[in-house]
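Good morning, colleagues. Please have the sequence and the model open while I speak.

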Amino acid sequence: MTQAQLAQGQQPLLAVRDVSVVFGGIIALNGVSFDMHQGNILGLIGPNGAGKTTLFNCLSRLYQPSSGDILMEGKSILTRPPHRIAEIGIGRTFQNVALFPNLSVIDNVRVGAHARTSSDIVSDSLRLAWVRRGEADMNKKVHEILGYLDLENVAHTVVSGLPFGTQKRVELARALAADPKILLLDEPAGGLNHEEVHVLGDLIRKIRADRKITVLLVEHHMGLVMSIADHVVALNFGRKLAEGTPAQIQADPDVIKAYLGSKDQ
């Protein structure tokens, strides 16, 4: 189903509405708008300095837009602090792996699962029955995710000793443990070799299909974006440059100019 078909009569899962961000007089984003629909993989692309990371950080509430709004299922997310964004179903990974390096793989993934629990320090300390049941359910979920991402054999390994590609999978597992509706992937192909990128693309598609998760992918690796995205938004100098299917974006003269430069330059 195309983005246009999805847009007919269906509220977007995530709506970015005229978002601008200004840092000390520098315009990092300038009136950017687009929709994400349930079940889509949306690629966000652009040259260095285009505003991709700034927008990504607005979506995960690390940055506050100077103007505009971001709606999740029709409700603004801008009143939520970053530590409460997982509660509404937004999970993310980071361009530079942001794991707890001295913890094991399983403990890092448990951190993600805790983001959706409702226990408190008093209940935890008293080991109430509902807390114990919740912990059992959480541990079951964590082990399921470790198996799903082929991480069970390193579950008790300290993450700092793992290869970079494996650490990226651990971070993905931690994000999945919070049961996101939308998964924000920040440069997931960074530091991976050609074969690892191919495997990553298959994995992202599999996660979308198996776990019914909508994916927003910020990525420099054009081969990955164009091979898995249903819809692509291109940014340049903080503005939306183009939007459409991968084929439309690849053929767009403004996008080509932004990436390759014009003969006049």
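Predicted model: local features only at pLDDT ≥ 70, side-chain atom pairs only at ≥ 80, totals over all residues.

Residues are numbered from 1 along each chain as its sequence is written, and side-chain values use heavy atoms, with hydrogens and water left out.

The chain has ten helices and ten strands, taken as DSSP runs numbered from the N terminus (helices H or I, at least four residues; strands E, at least two). Of its 265 residues, 46% are buried, where buried means under 20% relative accessible area, exposed over 50% and partly exposed in between, with a 1.4 Å probe and protein chains only. The accessible surface comes to about 13000 Å², and 53% of that belongs to carbon and sulfur atoms; areas come from the Shrake-Rupley method with a 1.4 Å probe.

Which residues of the largest nonpolar core touch the most other members? They are Val105, Leu146, Leu149, Leu172, Leu176 and Ile204, in a core of 46 residues. Such a core is a set of buried Ala, Val, Leu, Ile, Met, Phe, Trp, Tyr and Cys residues joined through side-chain atoms within 4.5 Å. A second, separate core has 30 residues, among them Val16, Leu44, Leu78 and Ile182.

Now the second largest pocket, with a volume of about 360 Å³. A pocket here is an open set of points on a 1 Å grid over the protein atoms alone, where a 1.4 Å probe fits, with protein on both sides within 12 Å along at least five of seven lines; lining residues have an atom within 4 Å of a point. The volume is the space filled by probe spheres set on the points, which are joined across faces, edges and corners. Twenty residues line this pocket, and Gly165, Arg169, Leu192, Leu200 and Leu203 are the closest to its centre. Helix H6 (164-176), strand E7 (182-186) and helix H7 (194-211) each supply at least two lining residues, with H6 giving the most, six.

Glu187 lies in the loop between E7 and H7 and, at 6% relative accessibility, counts as buried. Lys212 is in the loop between H7 and strand E8 (214-218), and is exposed, with a relative accessible area of 61%.
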